[in-house]
Structure formats: structure tokens, C-alpha cells
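Me: Got a model open here. Can you walk me through some side-chain and helix packing?

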Amino acid sequence: MFKEVYDVIVVGAGHAGSEAAAAAANMGSKTLLITMNLQNIAQMSCNPAMGGIAKGQIVREIDALGGYSGIVSDTSAIQFKMLNKSKGPAMWSPRVQSDRMRFAEDWRLLLENTKNLDFYQEMVSGLIVNNGKVEGVKTSLGIEVKAKTVVLTNGTFLNGLIHIGEKNFGGGRAGERAATGITEQLVNLGFDSGRMKTGTPPRVDGRSLDYSKMSEQPGDEHPDKFSYLDTTQPLKNQRSCHMTHTSQEAHDLLREGFDRSPMFNGRIKSVGPRYCPSIEDKINRFSDKDRHQLFVEPEGWNTVEVYVNGFSTSLPEDVQFKALRSVAGFENVKFFRPGYAIEYDYFPPTQLKHTLETKLVEGLFFAGQINGTTGYEEAASQGLMAGINACLQVQKKDAFTLRRDEAYIGVLIDDLITKGTEEPYRMFTSRAEYRTLLRQDNADFRLTPRGYELGLASENRLRRMEEKQSKSDSFVQFFKDTSVEPREINPILEKKNSAQVKQKDKMFKLFARPQISMADMRKVASVNAYILANGLDTEVLEQAEIQVKYAGYIDKEKSNADKLQRLENVKIPKDFDYSKLQSMSLEARGKLNDIQPVTVSQASRISGVSPADISVLLVYLGR
């Protein structure tokens, strides 16, 4: 049936699998995407939204490299919000509310229109591995498909077990069966595996809700979009979300079911996401709070289905229903389906290289929740990187990796393989030490040239980025070179309660003042004339303003990143034996032997490795 040998087989068609398949195929690899159900490609299993704090930066990075998540987020968006606008630009994070059905449909149509990509619907039950190298996959029907590389993106399906109160049953998602066979084979090959848990709230009928008792949460007045391409225009119409709160009565009703909760009676033993706890966990951990926020999110333009964000639970369905009916606006709620928890297998990511290829089996890559992460965006970025590197390996080209000062994707992967994770890993801006460099607004400057070199980002995309960068840099230089008279700038400074000037001064210095905005500077005739003469758009104006106002922070982070890069350039020989470094602590030797870091910089980030241990290593390496 499958006579040819594929370059890349991608197992699973969630967010990681979809990006992996698209990347490999677009880079010229003959690719096969195998999934248990072709109707559920890129399914939003949990909330119908993309982006958010740090996650929005990741989506922008995927888009800048030539991935599809940003494009699909725009074509399926029903609301756009830029979060954290009251803070500095390093914290600004785009987020869209999505039409769940349209999101999956748009992804499928994009994939179907991708050259070099074939599809097959069946469960993969095992791998073909010979002499430490992957050679293909086996399906539940006994079909063998040969390939030079394989990317596993199994999500929550590996031995997935769904919990609702006292009931539990096998499944990878509501209404879909679990995948079996792969975990057992990988363990036999020498891999370590573990179990993790995640959960999802009930879905309800929006027609049964009283929105007059909730506060409306509209989108931005002037919405932006994710993709740097002109594939779509910003939204003209948006759907609002709403917010309500749980109550003491709801908490009391939920507590009545705690003895039937698999979280509290010991049936769930695995670890769930710390930063997205279930409602019962919130009530238990934060017993001093008499209410918690619930965000009421529409699932699309036309559907009446609603997602109750903040009410993730595995309590019995009757307890969920009774408690939710005590929430303002939910007095007459009708369920589409109850919330549930799901346990699934994952493989500690310290078993991977920076390329996401496994250390034990050549040509085998892992991406997404199989690596212990949570979130569509984290999964999609790993899928993109795994797909790229699987293709590059087949083409016998150098691997593609991103440093911590280049992208949130670089931070994510480095954290996973260097530190590992024992709970579902979620990206935050605080995880990135160079977050002023890794802003959502400059992802194209950082990564589009890299995407173009790979053959993922088009020449048109590169030229657009270069034009934007040139215009931004020239505008910043204009502020540095141009002075303004006191009579023209002082009325503006006075209105903003900023100290007035007595003589001509450079505009860069005045614009850098925290009280002064681009809107203020546009009141200076020469500034406005420059903008009109050069046709500068909102993106360029925003970019220039950030470059002026945060110049000091940006320069400092660049300097720190350059210092780190020196250690990044000190390579450690492959299979280096740390046990012979007797001056190094026992813990450090054990950790370094397990993880086998590629550079001294990576070694310094491993938990349990001290600066003194790094000094010993540098001396041994002749540094």
C-alpha cells in the first residue's frame, strides 16, 4: 500500500503535528501526516483562543519563521486583544478568540494545499527501529510505512485516561480513543516515561445564559492581527466575551463532591498544570478567596456553544451542574458536555537534543505534550522546529536551533532539554531573561531572515520585513539627528507636566521621556512631515517609539546576551565523561552525564551545576 519511503512521517495532527508536517513539506521533504481522525486536524481541545502572555510572542515567532499558526489565528479570529498594554512593550502579548470550527477547517485546507504532503487516517501502534535508527511506523492494521525520519506529536493520546468523578475510561480527547503501543515500545528501547494530567471545563449552551448579569469583555477598539503577511485584514466586527464570578455557595456545592473527586481520592496520581488549576484545586489551595473569575467565551461566530474558562474540573457531572447553576448568569444553564480531566504519558525532555531529536534513536523527534508541555502555542512551536530539523537531517544539512536571546522558542526548548519538567510546562515572559529583546513586535526582525534561509519564509515576506526595518531605523535616526526649538516643544512638555527646555535639543532625548508619546511628537511639524513624506504606517511608528523609549534596556540586554554568547561558543566534546572531573560536585557530574550539554553555556543552566563546577569544566577544556 505504501511502497515509497517517506522523508518525514508525522504522527498526530494537533498543533505540533500540523506545524511539523507543513514545515517539512514546504522545505521539500516528501511528508506523510498520520492521524487517528482527519476530521480533527488542529483541533482546539481546550479553550478556543490563541496567544496570551508569552504565548502571543510564540505565535508571532512561528509566523515570522514561515509557520501557519499566525495566519490561521487571523483567518478564524472573532476577537483580538493586545494584553498588558499598560506595561512595557516586553510584556505586550497579542491574543485572539477563535472560531473553533473555522480554525480546524482553515488548518486542514492549508495543509491540503501544501505540496509534498500526504495524509492517512489510522492509529500508529509502533515504530520500526533498527540498529538505533528509526525506519518508519506500524499501524493498528499491521501496515508498515517506511521513512527516513519520524516526528511523534501524540498530545494527550498516549494511554490517555479520562476522569469524570468516579468514572474513568480510555480516551485521548472527549469522544476519541486513546493511542496504545508506542509508550511500551519506547520504554523497551530505554526511554524514561511519566504521566501528566490536564483538564478542561464544561461546554454549555449560550442560549441558556443571562449575559445581563455578567460584565462584557470586548476586543480592542483598533484590533491588530497576528501574521505579518497581508493574508487577512484586522477584524472590523468582533464578538465579546463576558466575565462572571463563582460564589461562596458555588464553592460549598463543589466541596460536597470532593470525596468523589479523582483529584482528592487518589485515582489521579499524575501532576497537573500549576498555572491552570482546576476549580476544585483553586478552592482547596485558595480557601481564603470567596470567589474566582470565570470568563465566558463564545466558540465561534455562529455557534451557541460556550467555553467556561476558569471552571476546569474533573468532579462528577451532577456536582459540576449544580455548582455552575449557582453562578450569576448561569442559573438556567444547559450543558453540552461536562468538564473532565485526562491523564496521559509523556517522556521527560532531557532525553532530547536541541533539535528535538531523541538521543537514543536517530531520526526520531518528539514535539508537543509528549515533551511535557501544555498549550497550543508551545506545541506548535516545537512541531515547527521538529519538522524543520527532520527535513534538514534528510537533506544532510546543518541542524537549526534558536538561542535564548533569539526567541521564546529558544527559551522553551532550552528549558525543556536542560532542566526537564515534572509538571506541564507553560511559557511565561518571566522565563526569558532577554524579554526586552524578544518582543512580539520585532519577531519578524529576529526570525524572518532565518525562515527565509530555510526556505519557509517567502522572498516577499523578507522584503516586507526589510522595508519595515529600514523605515524604523531611519525614523529613529531622524530623532537622533534632528533638534527642535523650545517654542515648538515646550507647549507639548508643559501639557504633559514635563520639564521645559531653554534651548534647542535633540528630539531623541525629549521623546525618550516617559510622559511623551508618539502622538505628542507628531504635534511637532517636522515629525509629522517626515511621517507623511515617508508613508510610515502604525507598525513602523510603534517600532520606532519602542526603539527610542527602551534604548537603554535594549542595549543592556544585548550586551548581556553577547557575554553569554562567549560561553555558548565553547563547545563540549560529544559523550564527554564528567566522572573524571573529581573536583566537580557529585551532583553536577551526575546531571551533566545525564543531559550531555552541547556548550558550556547550556551546562551552566542545569539545575544543580554551580559556578564553581563550571570553572572546573572551563579549566579542563583549556579555558
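Me: Phe475 and Phe478, buried or exposed?
Reply: This is a predicted model. In it, Phe475 is buried, and Phe478 is buried too.

Me: How many aromatic pairs are there?
Reply: The count comes to 17 aromatic pairs. One of them is Phe475 with Phe478, which is stacked: 6.1 Å centre to centre, with 20° between the planes. Under 30 degrees counts as stacked.

Me: Where do Phe475 and Phe478 sit in helix α12?
Reply: Helix α12 covers residues 459-481. Phe475 and Phe478 are three residues apart in it, so about one helical turn separates them.

Me: Which residues do ring pairs link into a cluster with those two?
Reply: Phe479, Phe511 and Tyr530 join Phe475 and Phe478 in that cluster.

Me: Switching to charges. Which ring does Arg60 sit over?
Reply: The ring of Tyr228. The charged end of Arg60 is 5.5 Å from the centre of that ring.

Me: And what does Lys85 lie over?
Reply: The face of Trp92, at 3.7 Å from the ring centre.

Me: Helices now. At roughly what angle do α1 and α4 cross?
Reply: Roughly 25°, and their axes come within 11 Å. Helix α1 is residues 15-26 and helix α4 is residues 100-112. The angle is under 35 degrees, so α1 is roughly parallel to α4.

Me: Left-handed or right-handed crossing?
Reply: Left-handed, as α1 passes α4.

Me: Which residues make the contact?
Reply: From α1, His15, Ser18, Glu19 and Ala22. From α4, Phe103, Trp107 and Leu111.

How values were computed:
Residues numbered from 1 in each chain as written. Predicted model: local features only at pLDDT ≥ 70, side-chain atom pairs only at ≥ 80, totals over all residues. Heavy atoms only, no water. Phe/Tyr/Trp six-rings, centres within 6.5 Å; stacked < 30°, edge-to-face > 60°. Helix = DSSP H or I, 4+ residues; strand = E, 2+ residues; numbered from the N terminus. Buried < 20%, exposed > 50% of the residue type's maximum accessible area, 1.4 Å probe, protein only. Lys NZ or Arg CZ within 6 Å of the ring centre and 35° of its normal. Axes fitted to C-alpha atoms, helices over the stretch in contact; angles between N-to-C directions. Parallel < 35°, antiparallel > 145°, perpendicular 65-115°, else oblique. Left-handed = near helix turned anticlockwise from the far one by under 90°. Contact = heavy atoms within 4.5 Å.
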